[in-house]
Amino acid sequence: MTDETPDDPQDAIDSESERRREELDDRIFEHSAGDDQEGIPFVGAGPGNPRLLTVAGKELLEEADLVVHAGSLVNSELLDEYCGHAELVNSVGKDLEELIPLMRDAYEDGENVVRLHSGDPAIYGAALEQMDALEHEGIPTYFVPGVTSAFAASATLRTQLTLNEVSNHVAFTRPQGKTLTPEEDHISDFIEMGDVTTCIYLGTHAVRDTMDRLLEDDHDPETPVAVIYHASWPDEDVIVGSIGDIADKVEEAGYRASALVVIGDAVTGAGYERSFLYGDWANRGSSENSAETEASDD
């Protein structure tokens, strides 16, 4: 490996961002998700259960020489099953100034490098800044989607995030805090809309603050809320309540991280209406054809 110092990551990010404003990347029109591509793949590990890793992700991990992974956010069972042959590097506690040359040098030495994120790297994954820094160094990169925890939570709850006449929209968000100002926190707005299933990432520690703000905004305290800790992991836990009581339940359970908060009537799956997909609308073509056939036989 070389000892060459990479360009300043922030300069690289700014440069790539400016380039993106001026023109689209040709690879957008050359490749689709799931294609074999040149470069370092940024793979979504899924929510936790190794079986929820995509086929593409599995194949890339099995061929990898170096896997830079998101520490305890990636299930160790997945690492053991698919990455036992590879060098494993935990990215937790490492900044871009350390990660970028590590991946760059390994790739330039001919190694198969995989950057493994939890869930899907497109959802609160901070992947693009790493990719831009690598691209600026001449190292191609690409996304390999993963199953995000909201989908695992939906499966655990045995409901849909969208339900006819209950929820027409889904919001992926996070609570106000270090990286989100009160002005950027729209959770109350989503709840006010009424037909939105709101999925809060990175917010277990802020459940009480979030629910208190919703109550201050006069939202119905009986609105269903579910908190799914470690969705799809062996120690998964589900806490179901409402805006009015979920904070007490979460604090009693002792969870401060690694849980997804889901707010809205879709949590229970109650009260939905039969969709048009399998109703009269679905049969209208066959009915019209039957009528036409009968008319032609007269």
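Me: How do the residues of the lining of the largest pocket divide into nonpolar, polar and charged?
Reply: This is a predicted model, and its largest pocket has a volume of about 1000 Å³. Of the 40 residues that line this pocket, Leu73, Ser118, Ile123, Tyr124 and Leu202 are the closest to its centre. By class, the lining divides into 17 nonpolar, 17 polar and six charged residues.

Me: Which elements give two or more residues to the lining of the largest pocket?
Reply: The largest pocket, with a volume of about 1000 Å³, draws on both helices and strands for its lining. The elements that give two or more residues are α4 (96-108), β4 (113-117), α5 (128-136) and β10 (259-263).

Me: Which element gives the most to the lining of the second largest pocket?
Reply: The second largest pocket has a volume of about 500 Å³. Among its 20 lining residues, Asp25, Arg27, Ile28, Thr141 and Phe143 lie nearest the centre. Two or more residues come from each of α1 (9-22), α5 and β5 (141-144). With four residues, the element that gives the most is α5.

Me: How many residues of the lining of the second largest pocket are charged?
Reply: This pocket is lined by 20 residues. Eight of the lining residues are nonpolar and four are polar. The number of charged residues is eight.

Me: Is serine 167 buried or exposed?
Reply: Serine 167 is found in the loop between α6 (149-157) and β6 (169-173). Its relative accessible area is 3%, and a residue under 20% counts as buried. Serine 167 is therefore buried.

Me: Which backbone oxygen does the side chain of serine 167 reach?
Reply: Leaving aside residues up to four places away in sequence, serine 167 touches Leu161, Thr162, Asp195, Val196, Thr197 and Ala266. At 3.1 Å, the side chain of serine 167 reaches the backbone oxygen of leucine 161.

Me: Is arginine 158 buried or exposed?
Reply: Arginine 158 also has its place in the loop between α6 and β6. Its phi is near 55 degrees, a positive value in a residue other than glycine. The relative accessible area of arginine 158 is 78%, and the cut-off for an exposed residue is over 50%. Arginine 158 is therefore exposed.

Me: What is the phi of aspartate 218?
Reply: Aspartate 218 lies in the loop between α8 (207-216) and β8 (224-229). With a relative accessible area of 70%, aspartate 218 is exposed. Although this residue is not a glycine, its phi is positive, at about 70 degrees.

Me: How many disulfides does the count come to?
Reply: A disulfide is a covalent bond between the sulfur atoms of two cysteines. Cysteine 83 is buried, with a relative accessible area of 0%, and cysteine 199 counts as buried at 0% relative accessibility. For a disulfide, a pair of cysteine sulfur atoms must lie within 2.5 Å. By this rule, the count of disulfides is zero.

Me: What percentage of the contacts in the chain with a separation of 6 or more is between residues 24 or more positions apart?
Reply: The chain has ten helices and ten strands, and its C-alpha trace spans about 75 × 65 × 40 Å along its principal axes. Of its 298 residues, 44% count as buried. Among contacts with a separation of 6 or more, the share between residues 24 or more positions apart is 72%.

Notes: Residues are numbered from 1 along each chain as its sequence is written. This is a predicted model: local features need pLDDT of at least 70, side-chain atom pairs count only at pLDDT 80 or more; totals for chains, interfaces and linings use all residues. Side-chain values use heavy atoms; hydrogens and water are left out. Buried means under 20% relative accessible area, exposed over 50%, partly exposed in between (1.4 Å probe, protein chains only). A polar contact is a pair of N or O atoms within 3.5 Å; within protein, one must be able to donate a hydrogen and the other to accept it, and residues adjacent in sequence count only if both atoms are side-chain atoms. Contact means heavy atoms within 4.5 Å. On a 1 Å grid over the protein atoms alone, a cavity is a set of points where a 1.4 Å probe fits but cannot get out, and a pocket is an open set with protein on both sides within 12 Å along at least five of seven lines; lining residues have an atom within 4 Å of a point. Grid points are joined across faces, edges and corners, and a volume is the space filled by probe spheres set on the points. Ala, Val, Leu, Ile, Met, Phe, Trp, Tyr, Cys and Pro count as nonpolar, Asp, Glu, Lys and Arg as charged, and the others, Gly among them, as polar.
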